[in-house]
Amino acid sequence: MKQKHNIENAFVLVLFAVFAVTIMAVLALGANSYQTLVSRDTENYNKRIITSYVTAKIQNNDSGEGVAVGGYAEVDKEDGIQTLHMFETIEGQKYDVRIYYYDGYIRELFTLADLDIKPEAGNKITEAKGLSFKQNGSLIEILATDVSGIQNTAAVAVRSEGGRSDEL
């Protein structure tokens with residue numbers, strides 16, 4: 001009788017060990033899958049965040065005052081810092097919202113139009129490797145390069161009459 005009891009204990013112990021190993025294998029596979037998903041989602045987020053931000057700013061500032069691409073200090077003069085300008089008038093004063101890439105960051109600056117302010121004065125929005133714009137009539141193309149070197153593009157149609165833009 002005693003031997004049967006020992007065999008039952010050994011069987012239960014082996015069954016428990018198989019169950020424990022199976023659980024550990026499933027957990028390891030789940031952790032690996034989770035890590036892959038988090039890595040992919042982070043990459044997609046980083047890839048699109050800059051263009052999404054700029055697109056939203058254009059859509060929110062698309063007014064009769066205008067949206068233009070040009071130099072940092074003046075829209076009509078190329079000065080090495082390609083800038084997106086969004087103009088609006090508040091209480092009789094003309095303001096300029098500038099979005100540009102400078103010194104490793106996407107920056108934004110809200111200031112009186114034609115005011116001479118250094119580019120480092122802009123608020124740092126996010127770290128990046130580059131940001132450029134192309135304007136073709138009412139279409140503004142955005143090319144952003146994140147810190148990983150991944151490029152993303154977006155195009156926004158400016159519709160100033162209605163104060164609204166649509167992403168293409």
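Student: Is Asp 103 buried or exposed?

Tutor: Burial is judged by relative accessible area: buried is under 20%, exposed is over 50%, and partly exposed is in between, with a 1.4 Å probe and protein chains only. Asp 103 has a relative accessible area of 59%, and therefore counts as exposed. This is a predicted model, in which local features need pLDDT of at least 70 and side-chain atom pairs count only at pLDDT 80 or more, while totals for chains, interfaces and linings use all residues. Residues are numbered from 1 along each chain as its sequence is written, and side-chain values use heavy atoms, with hydrogens and water left out.

Student: Where is the place of Asp 103, and what is its phi?

Tutor: Secondary structure is taken from DSSP runs, numbered from the N terminus: helices are H or I runs of at least four residues, and strands are E runs of at least two. Asp 103 sits in the loop between β3 and β4. Its phi is near 55°, a positive value in a residue other than glycine. Glu 91, in the loop between β2 and β3, also is not a glycine and has a positive phi of about 50°. Glu 91 is exposed because its relative accessible area is 81%.

Student: How many helices and strands does the protein have?

Tutor: The protein has 1 helix and 9 strands, in the order α-β-β-β-β-β-β-β-β-β from the N terminus. Of its 168 residues, 30% count as buried.

Student: Which residues form the nonpolar patch on the surface?

Tutor: A patch gathers residues with over 30% relative accessible area and no salt bridge; like charges are joined within 9 Å, and nonpolar side chains (Val, Leu, Ile, Met, Phe, Trp, Tyr) within 5 Å. Here the nonpolar patch consists of Phe 16, Phe 19, Ile 23, Met 24 and Leu 27, which together have about 570 Å² of accessible area. Such areas come from the Shrake-Rupley method with a 1.4 Å probe; for residues, only the protein chains shown count as cover. Phe 19 belongs to helix α1 (residues 2-61), and its relative accessibility of 52% is why it counts as exposed.

Student: Which residues is His 85 in contact with?

Tutor: Contact means heavy atoms within 4.5 Å. Leaving aside neighbours within four places in sequence, the contacts of His 85 include Gly 66, Val 67, Tyr 72, Val 75 and Asp 96. His 85 lies in strand β2 (residues 83-90) and counts as buried because its relative accessibility is 1%.

Student: With which side chain does His 85 make a polar contact?

Tutor: A polar contact is a pair of N or O atoms within 3.5 Å; within protein, one must be able to donate a hydrogen and the other to accept it, and residues adjacent in sequence count only if both atoms are side-chain atoms. The side chain of His 85 makes such a contact with the side chain of Asp 96, at 2.7 Å.

Student: With which residue does Asp 96 meet in a salt bridge?

Tutor: A salt bridge is a side-chain nitrogen of Lys or Arg within 4 Å of a carboxyl oxygen of Asp or Glu. The structure holds 4 of them. In one, the side chains of Asp 96 and Arg 98 meet at 3.1 Å, N to O. Asp 96 is buried, as its relative accessible area is 2%, and Arg 98 counts as buried at 0% relative accessibility. In another, Lys 57 and Glu 108 meet at 3.0 Å, N to O. That pair links distant parts of the chain, with Lys 57 in helix α1 and Glu 108 in strand β4, 51 residues apart.

Student: How many aromatic pairs are found in the whole structure?

Tutor: A pair of aromatic rings is described by the distance of the centres and the angle of the planes. Rings of Phe, Tyr and Trp (its six-membered ring) pair if their centres lie within 6.5 Å; planes under 30 degrees apart count as stacked, over 60 as edge-to-face and the rest as tilted. The search finds 2 pairs. Tyr 72 and Tyr 100 are edge-to-face, 4.9 Å centre to centre with 70° between the planes. Tyr 72 lies in the loop between β1 (67-70) and β2 and Tyr 100 in strand β3 (residues 93-102), so the pair ties together parts 28 residues apart in sequence. Both Tyr 72 and Tyr 100 are buried. Tyr 95 and Phe 110 are stacked, 5.1 Å centre to centre with 5° between the planes.
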